[in-house]
Every structure is written in structure tokens, then in C-alpha cells.
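Please look over the sequence and the model first.

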Amino acid sequence: MIGVDFGTDSVRALIVDTHTGEEMGTHVFHYPRWKEGKYCDPSANRFRQHPLDYLEGLEVSILKALEKCPPGTAERVVGISVDTTGSTPVAVDRKGTPLSLKTGFEENPNAMFILWKDHTAVKEADQINTLARTWGGEDYTRFEGGIYSSEWFWAKILHVLREDDQVREHAYSWVEHCDWIPAILTGDADPLKLKRSRCAAGHKAMWHESFGGLPGEEFLVRLDPLLAGLRDRLYIETYTADVKVGNLSADWAERLGLPATVSVGAGAFDAHLGALGAEIEPYYLSKVMGTSTCDMLVAPDEEMGDKLVGGICGQVDGSIVPGMVGLEAGQSAFGDIYAWFARVLMWPVEHILPGLEKVDSGTRTMIRQEMEDRIIGELSRAAMEIHPGDSSVLALDWMNGRRTPDANQNLKGAITGLTLGSDAPRIFRALVESTAFGARRIVDRFVEEGVRIDGVIALGGVAKKSPLVMQIVADVLNKPIKVARSEQAVALGTAMAAAVVAGVHPTIAEAQTSMGGGFEKEYHPDPGMAALYGEIYRRYLRLGEFVEKETGD
């Protein structure tokens, strides 16, 4: 099986043996245009990606991964599935071609994929929330946790339609990244025919069976007349990740050197399929811990019943494991906060070092690279020696707004309790603690709403690389945390889904049993630290209440 994992910075292809779970070959392709910072404006919270980054990455990552496998592997491939970030939609023409691949739109950010962390649509999200509560009809946000986010499908679409006359005139429909790639692989991207992801539609587009699909036309037109008629050019049916979209097209079979009989599965979001790769089970919180976090939970349909959890990123039947309700939460920034602080500290290196005439260019380059490579590790080592009771620094982790509980992208982060003795390691530790407190708020919300959490499973770059972060999170949650063994649990979960799509394994559970890599480590909370962090957490909550009130005022 081939699992293709489209992340924020790169795409990874992973080839997996379906019977042993052996990870036979993998390759990561970094998006060249994204790496150059093209089409993005962080100061305006605008993050866009060009489809050519995706297409080039799809081909190169698979070919390079196959090169690392034993001879004859390509002929044995029977399934491909993909995961992507989301909500990451794009405007397409009648044939399903993203506008940025058409003449006249090549350099237009509004014609590109609107990345999950793009927050240009805060105003539109606020308007969706207000209308949903006041218009007198169905509250289409009720399966989305009751609050719609600027990170999601409709808010992003409406923002672009309002901002760009040219895109508005030429956009026939809109397609999520996770739906477009399978359509490309099977050779038919017609937006009226391609199979749409249940995961993307249910968690980000207010799709639900009880609504007859997407929000009604009357609601959408009341939101803005620019949305008139778009619903009919989108979709009604949605598909879980165990459903086959079609077979690999002749063109892509030739490009990749694979049989045209390869089955292609319906797409889904990275965190959802990552939960499969990390061997999620009912009532275990699966935390994908990277630049942001995505927290996944599954519960049997019959046990969830009519229960709705407020303030999360939705609950959708079959969005993670078919036959179970998938619940999603997460933090808008996690590792991004550590990286931000490192960039702050690197400012003199970036702006003063280049002007030091007595230091030759080669030495300057070496110093810059060495600093960049070591700064987070050195901060972590120093921060590990600081007892939380010895520092007055307290931080709030809303540097990129708040995703859950209760999405509010207008919010900003804060650092308080600074003294003349507050050095970089103390501030860094406070930032790490703030992300752990944000994680605890999510756990508390599930429990308050009657959904138990029996354990925590972690995956992603931070989980694998930072003992400091993981121990602090375990102490703050006061729960043990198991870390998935696979270095690429998301791509592995995607390959598991492909194994079911191709008919090698009959169910997701059986694919997990055969292909799962187990766990490499378990972090246990320190009872003393857990008690101390309980006190600091209450201070964090009070700080959050104050900042949110000031922001609202």
C-alpha cells in the first residue's frame, strides 16, 4: 500500500507491507514555492499554497519512495490513499481545475489552495455564527461544536468571493485538497462527480445527513447573495476513508510506474488518518502534536446517542473509523509557538551578524546555521532544569487564536509575570506549559460534556522529539501518554485505509492489527508536579478570562 501524507510544509509517501506492517520505503518532498514564502502574508494571516507544489510532490515522493524498496515492489502495489491538511479548499472551473493552474491566475493567491491555518476569514466566520443563532431556522453549526471557525470551508470561500471579482467570476465550484488529489489520481476531477470526504464535509462544511447535506440555500443566501446557487454545484453525498474512489488513471499509472489496477481511496484529513496509524480505540484521545495539534476521539454510535459536545471541531459519524462517531478538537498553535520564540531570539543573528565586517561570510553562515539548529534543543535542556514553582512567568497560548474549546480567532497570546530575572529558558518553559494548559482545556471540555477519556495517544514531530514537552503535558493532564512508534503514523494510517479500500483487510480494525507499529514510549505524570500544575492551571484560566474579556471589549 502507498499512503501519501500532504502536510503543511511537505508531502510524504510511505510504502507499507499490508501483512507485516513493514515500512518499506518513504520519501519527503518539501514544497518549493511554499519554502520560498510565496503567496503568503503572515502579518495578514494569509497562507496559500500552489497546486503545482502538490502535483510535483505527489509524483516525486512516490517515485523516490519506490526507489528505496526491493525490486518488484511497484508491481505489488494494490492501493493508494491520501490525507491532507484541512480545511484547505480551492476554487475550480467546470472541469475541476484549480484556477491557479489556468492562464491569468498563476500568481493570484485567491486562486490557490487556502491552507488550514489561513485566518483571513475571521469576519465571515463571525457572521456565520451570528446568523446560525438568530435567523430562526436550523442551527447548522450544532454538529460543529456550535461555533464556526475562520479556518473552515464556508468562511474561506465567502472571504475570497467578496475580495476577488476575477476569482468569483471564474469559480464554478470549490474542492477540498483531500478530495482533489484522489480525483487527479483517478483521472476525473469533475466537481459534480468526484467523491467528497465525509471527514472534511462533516467537520468543516456543516454537512450532516439530518440537513439533507450542506446548509440550505435560504441560509446561504441570507449569509451573502454571492453564495446563491453554489450549493447545487457542490455535493450531497459524502464518503468515508474505506470507500474506493476508482482506479489509478493510465496517465498516473505510467508516471508512477504502477499497475492501472491500483485502487484509490477517498481522502481524509491528516489527523483523522493519523489516529488510525496510532491505533486509536474508543475513548482514547489521539493527539497529533506538531505545528498545531489535532485531537481525535472515537465513540460507538449507540453510546454517543444524541449527545453533542459544545465548542469542539465537530462530531461526525464515520469521519475517523466507520461505524463510530469521530470527535475532533485541537489547538491553533503548538510547536508554532516554540518556533516563534526561536525566531524572536534569532533576530540579532538574522539582522546584525550579516553586517559584522570582521566575520567572514563562511563563518557567518556557519554561525547562523548552528544557532538555528541548536536553539530549541538548548532552550529545552535549560528549561528542563527549572522547577515550575520557581518561576513567576505565565503564558497564554493564543498566538494564532483559539481553535477549541470555543473557537475564537480574534484572541491573542500573552506572557505575564515577567521580572528582571526572567531569562529565555524561563519564558520558553512558560510557553511550553501554556500549550499543555491549552491541551488540558480540551480534555476538560470532553469530560464536562459527558465524554470520558480513558487514555492519551501521541504522535507527530513534537511527540517524537521533545521529552520536555511530553512530560509537561503528562503532568498537566495528569494522565499517562503513549507515543506511537512509527515515525510517520499519519502516512501509515493512510496506508491502513488503502488496505481496506483495496480489499486486503476487511475492516480498519483488522488493518490496524496487521499493520500497526505499537508504541515506543509512555510518559507517566509525576503526582507532585500534577498537583502544582493544577494550581498554575487555575491561574492560566483566570488569565484567559481576563484577556478574552479585554479582547471582547
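The model is predicted: local features need pLDDT of at least 70, side-chain atom pairs count only at pLDDT 80 or more, and totals for chains, interfaces and linings use all residues. Residues are numbered from 1 along each chain as its sequence is written, and side-chain values use heavy atoms, with hydrogens and water left out.

Helices (H or I, at least four residues) and strands (E, at least two) are DSSP runs numbered from the N terminus. Strand E5 is largely enclosed by the rest of the structure, because 6 of its 6 residues are buried; buried means under 20% relative accessible area, exposed over 50%, and partly exposed in between, with a 1.4 Å probe and protein chains only. In a regular strand, side chains alternate between the two faces of the sheet. In E5, Gly79, Ser81 and Asp83 are buried on one side, and Ile80, Val82 and Thr84 are buried on the other.

Two strands pair if DSSP finds at least two bridges between them.

| Partner of E5 | Sense | Bridges |
|---|---|---|
| Strand E1 (residues 2-6) | parallel | 4 bridges |
| Strand E10 (residues 263-265) | parallel | 2 bridges |
| Strand E11 (residues 268-269) | parallel | 2 bridges |

Individual residues mark these pairings. Valine 82 in E5 stands opposite valine 4, glycine 79 faces serine 263 in E10, and threonine 84 faces phenylalanine 269 in E11.

**A mixed sheet and its helices**

An open sheet of 7 strands has the order E14-E15-E13-E12-E18-E19-E20, with mixed pairing. Its edges are strand E14 (315-317) and strand E20 (519-523), each of which pairs on one side only. From one strand to the next, the twist averages 25°. Strands E18 (residues 455-459) and E19 (residues 481-484) run parallel and are joined by 3 bridges; isoleucine 457 has lysine 482 in E19 as its bridge partner.

Helix H16 (residues 424-448) packs on this sheet, touching strands E12 (284-289), E13 (293-300) and E15 (324-331); contact means heavy atoms within 4.5 Å. The direction of H16 makes about 150° with that of E15. Axes are lines fitted to C-alpha atoms, for helices over the stretch in contact, and angles run from 0 to 180 degrees between N-to-C directions. Helix H18 (residues 467-477) lies across E12, E18, E19 and E20, and runs at about 145° to E19.

**Helix H5**

Helix H5 (residues 153-163) is mostly covered, with 9 of its 11 residues buried. Among the buried residues are Trp154, Lys156 and His159.

**Backbone features**

Most residues other than glycine have a negative phi, and most peptide bonds are trans. Methionine 206, although not a glycine, has a positive phi of about 60°. This methionine 206 lies in the loop between helix H8 (198-204) and helix H9 (217-223), and it counts as buried because its relative accessibility is 1%. Tyrosine 283 also is not a glycine and has a positive phi of about 70°; at 7% relative accessibility, tyrosine 283 counts as buried.

A cis peptide bond joins glycine 86 and serine 87, with omega about 5°. Serine 87 is in the loop between strand E5 (79-84) and strand E6 (89-92). The bond from threonine 404 to proline 405 is cis, with omega near -10°.
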